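Please read the following report alongside the sequence and the coordinates, which are shown here before the description begins.

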Amino acid sequence: MASDRVNVLVASPLEPEHAARIEAAGPRVSVLYEPDLLPVPRYPCDHIGVPPPLSAADLDRWAALRQRADVSFDFDWQAPADMAANCPRLRWVQGTSAGIGGFLERTGLAGTPLVFTTAAGVHATPLAEFALLGLLYFAKDLPALGRWQRQRHWQRYAVGQLAGRRVLLIGLGGVGRAVARLLAAAGVEVTGAARTPRHRDAPGVASFVTPDQIGQVLPAVDALVLACPLTEQTRHLISARELARMRPGAVLVNISRGQVVDEDALIAALSSGHLGGACLDVFETEPLPASSPLWQLDNVIISPHSASTAAAENRLLTELFTDNLQRWLAGRPLRNVYDRAAGY
């Protein structure tokens with residue numbers, strides 16, 4: 001690759017100024033960017049969007065771009081599972097999500113020789129802020145305040161305090177470490193849980209446990225925050241058994257993946273009053289079905305898998321990608337390489 005040009009395909013919606021920044025990553029970079037062939041975003045920083053009504057000639061143009069791509073910013077919007085076949089020169093795909101393991105398995109891409117990198121770290125701050133929001137929401141009993149406001153009811157009460165509470169944080173990757181720092185700054189005692197002790201000394205983590213010790217810790221904490229990747233080991237990691245071990249009135253926050261929690265068991269624990277509340281950005285089925293009892297529960301915050309979508313996301317994604325692209329051009333190790341064995 002010493003003097004060859006590197007064709008970079010922009011395969012999902014991205015603003016022109018960010019495509020220009022990718023092109024400026026190096027003199028060997030040539031960006032394949034045809035925004036009229038890309039889906040139309042439904043909201044800022046949407047990397048799925050609504051597929052455009054393309055003619056046969058337009059589809060041929062898109063196919064020709066794919067065939068030239070050495071590197072791709074995101075997965076092909078049209079046929080992601082066929083990228084290895086449709087993009088014969090392709091060697092590396094930069095994802096726009098931190099959690100791509102399930103997607104790679106479903107599409108069969110995990111079985112290809114392509115290199116994948118994730119967007120780990122890009123969404124850490126907004127997700128950490130969402131976790132803090134959920135914990136404060138229940139600590140300050142905003143559900144009761146909302147009811148009283150609707151009833152025009154004035155009643156003095158003793159407000160709860162987040163500082164001094166204990167939280168079990170499962171997952172100490174980029175998102176988990178951001179959560180730990182923010183919660184510790186708010187006076188929360190954070191126990192971190194992770195598969196390896198690599199981040200046991202992360203800022204904000206007061207104590208560390210391994211996954212097999214989670215059940216021992218749950219009865220002693222006021223809240224559980226999930227920030228782990230979805231793997232075969234974490235699927236339904238939190239089941240009825242773990243929820244039963246949580247102390248009455250405890251709160252669960254999920255900024256991970258919906259399948260990490262047994263949703264039926266969670267609904268039962270919330271409906272019975274055993275859990276004090278849940279702050280959920282992710283669900284086992286998305287969009288959350290209209291028939292789900294979660295919609296009707298006053299002690300649940302429902303976010304449509306949008307807690308990570310900050311206005312600055314595309315700028316941050318572009319910064320990560322251009323740094324990785326410069327590493328690729330120089331033959332240096334990439335950041336956030338997907339580990340097939342670990343599943344993240």
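## Enclosed space

A cavity is here a set of grid points where a 1.4 Å probe fits but cannot get out. The model under discussion is a predicted one, and it holds one cavity of 30 Å³ or more. The largest cavity has a volume of about 40 Å³, and its lining consists of Asn254, Gly258, Val261, Glu263, Leu266, Leu280 and Val282. By residue class, this lining divides into four nonpolar, two polar and one charged.

## Strand E11 and its neighbours

Strand E11, which spans residues 275–280, is mostly covered, with five of its six residues buried. On one side of the pairing pattern, strand E10 (residues 250–254) and E11 pair in the parallel sense over five bridges, and within this pairing Ala250 has Leu275 of E11 as its bridge partner. The two strands belong, together with helix H10 (residues 263–271), to a right-handed β-α-β unit made by E10, H10 and E11.

E11 is also joined to strand E12 (residues 300–302), to which it runs parallel, through three bridges. In this second pairing Leu280 stands opposite Ile302 of E12, and Leu280 is also among the residues that line the largest cavity. The loop between E11 and E12 contains Pro287, and the peptide bond from Glu286 to Pro287 is cis, with omega near -5°.

## The second largest pocket

The second largest pocket holds about 190 Å³ of space. Its lining comprises 13 residues, among which Glu105, Leu230, Thr231, Glu232 and Gly343 lie nearest the centre of the pocket. Sorted by class, the lining of this pocket divides into four nonpolar, five polar and four charged residues.

## Aromatic contacts

The count of aromatic pairs, taken with ring centres within 6.5 Å, comes to eight. For Trp148 and Tyr157 the ring centres are 5.5 Å apart and the planes stand at 85°, so this pair is edge-to-face; the cut-off for that class is an angle over 60 degrees. The two partners can also be described by their accessibility: Trp148 counts as buried because its relative accessibility is 17%, whereas Tyr157, with a relative accessible area of 34%, is partly exposed. The limit that applies to Trp148 is that buried means under 20% relative accessible area.

Elsewhere in the model, one aromatic cluster is formed by Phe73, Trp92, Phe321 and Trp328.

## Residues with positive phi

Which backbone angle draws attention to Cys45? Cys45 has a positive phi of about 65°, although this residue is not a glycine. Its position is in the loop between strand E2 (29–32) and helix H2 (56–68), and because its relative accessibility is 8%, Cys45 counts as buried.

Asp141 likewise has a positive phi, near 55°, in a residue other than glycine. Asp141 lies in the loop between helix H5 (124–139) and helix H6 (142–151). Is Asp141 buried or partly exposed? With a relative accessibility of 33%, Asp141 counts as partly exposed, a class that covers values between the 20% limit for buried and the 50% limit for exposed residues.

How values were computed: Residues numbered from 1 in each chain as written. Predicted model: local features only at pLDDT ≥ 70, side-chain atom pairs only at ≥ 80, totals over all residues. Heavy atoms only, no water. Buried < 20%, exposed > 50% of the residue type's maximum accessible area, 1.4 Å probe, protein only. Helix = DSSP H or I, 4+ residues; strand = E, 2+ residues; numbered from the N terminus. Pairing = 2+ DSSP bridges. Right-handed = clockwise from strand over helix to strand, strands pointing away. 1 Å grid on protein atoms, 1.4 Å probe; cavity = no way out; pocket = protein on both sides within 12 Å on 5 of 7 lines; lining within 4 Å. Points joined across faces, edges and corners; volume = space filled by probe spheres on them. Nonpolar A, V, L, I, M, F, W, Y, C, P; charged D, E, K, R; others polar. Phe/Tyr/Trp six-rings, centres within 6.5 Å; stacked < 30°, edge-to-face > 60°.
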